[in-house]
Amino acid sequence: MHAELLIHAEWILTVDPEDRQLTDHAIAIADGRIQALLPYEEARRTIQAEQTLELPGHVLIPGLINAHTHAAMTLLRGLADDLPLMTWLYQHIWPTEQRWVDADFVAAGTRLAVLEMLRGGVTCYNDMYFYPEVSAQVTAAAGMRALIGMILVDFPTRYAASPDEYIAKGLALHECYRDHPLIRVAWAPHAPYSVSDGPLQRVASLAHELGVPIHIHLHETRDEVEQAVQARGERPFARLDRLGLIGPALAAVHLTQLTDTEIARLAETGASVVHCPESNLKLASGFCPVARLLEAGVNVALGTDGAASNNDLNLLGEMRTAALLGKGVAGSAAAVPATEVLRMATINGARALGLDAEIGSIEPGKSADLVAVDLRDPHTQPIYHPISQLVYAAGRHQVRQVWIRGRQVIRDGAPTTLHLAEVLAEAQIWGRRIGG
């Protein structure tokens, strides 16, 4: 068998249905795909590789999937900290966005976000922001994979004046990227409190017609739910269900407020939940009942949220927080184990985005989206269980090699598709401009 690249790592975590942890194995890559996964000695005999990469002390994992973020908001990192959600949003973030967010802002912010995520082992992200066509262009140019949200709110912004215009621009974006190898699209109505019934019903219909996911904030805080009940007489979850949005295409973000009936409904319909533990903690939004969701059979993915409320896009760090918080909320040290958290950051994220046939696990035939993490640092030694070291101890500075569709986008910790100094200089210009 011929391969363009043969990667030999000390450990490989497949995140396949058997959750195999392989030692002294190799992955053969050709035409951007995983051709074979086999013991290294067998690979040496049977694979004719143009290049062989030896990675002693490294664990090789599927590319991490950030299942919810607002990439361009990296330019608002640290702008309004230590505030509750609605104060943060209505008094600081939305006014700043109305003044500053344009295509150039989104391009610069997305480049910064993509650079940060790639260096942290994230190979795919699910975005929700204005000027999504710009985010798509920047992401594709950097060789990164993304599900780009077709944003929708009721109110006018610098991007669009009405729900009809948002939807029209979304349809144009879908048409532009319908056959792209790295970029897919999803409908991204912001939240039940910012989108009315008519546009939400159109989203439900168009998502079914086009076969694309729906990405929405839902039940992020207790206040959000209580205010909806007072104003409409029903919980936002029930409203979305009535409008036809609760189903297998849905990736619902946050869900810190859930009843047993709502959890059962999520499981019954095949909807996914995207857990953003650090943003929820920082905004004091509440605690997603991850252990209960997993026990019920709900697909739970992992996201960072935007850097304006996190304040980073570090999915390795998010994994550790998700595991620790999940145990605390459940009152059980056995809840949300390391193996499950890695699945949340990989194959569960792929499933939530409708990409699980392509990415999320290391299996022959899938895209070669791979990350090598060097565990030879003092704080990840000694190694009894590589997956435990990865989740509970590793830092993103230990991400050394990253491939997307077989293309190396991080080599020895450095980006190959983005110029570090240029991205930083651009971000600093925007910081001075916004900060006055």
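His217 lies in strand E9 (residues 214-218). Strands are DSSP runs of at least two residues, numbered from the N terminus. This is a predicted model: local features need pLDDT of at least 70, side-chain atom pairs count only at pLDDT 80 or more, and totals for chains, interfaces and linings use all residues. Residues are numbered from 1 along each chain as its sequence is written, and side-chain values use heavy atoms, without hydrogens and water.

The unreviewed UniProt entry lists His68, His70, His217 and Asp305 under "binding site". Such annotations may be inferred rather than shown by experiment. The four span 238 residues in sequence, yet no two of their C-alpha atoms are more than 11.8 Å apart, so they gather at one spot.

His68 lies in strand E5 (residues 64-69). Buried means under 20% relative accessible area, with a 1.4 Å probe and protein chains only.

| Residue | State | Relative accessible area |
|---|---|---|
| His68 | buried | 0% |
| His217 | buried | 4% |

Contact means heavy atoms within 4.5 Å. Leaving aside residues up to four places away in sequence, His68 touches His217 and Asp305, among others. Beyond its own neighbours within four places, His217 has contacts including His68, His70, Met128 and His254.

Which side chain makes a polar contact with the side chain of His68? That of His215 does, at 2.7 Å. The side chains of His217 and His70 are joined by a polar contact of 3.4 Å. A polar contact is a pair of N or O atoms within 3.5 Å; within protein, one must be able to donate a hydrogen and the other to accept it, and residues adjacent in sequence count only if both atoms are side-chain atoms.

Terms used. Helix = DSSP H or I, 4+ residues; strand = E, 2+ residues; numbered from the N terminus. Buried < 20%, exposed > 50% of the residue type's maximum accessible area, 1.4 Å probe, protein only.
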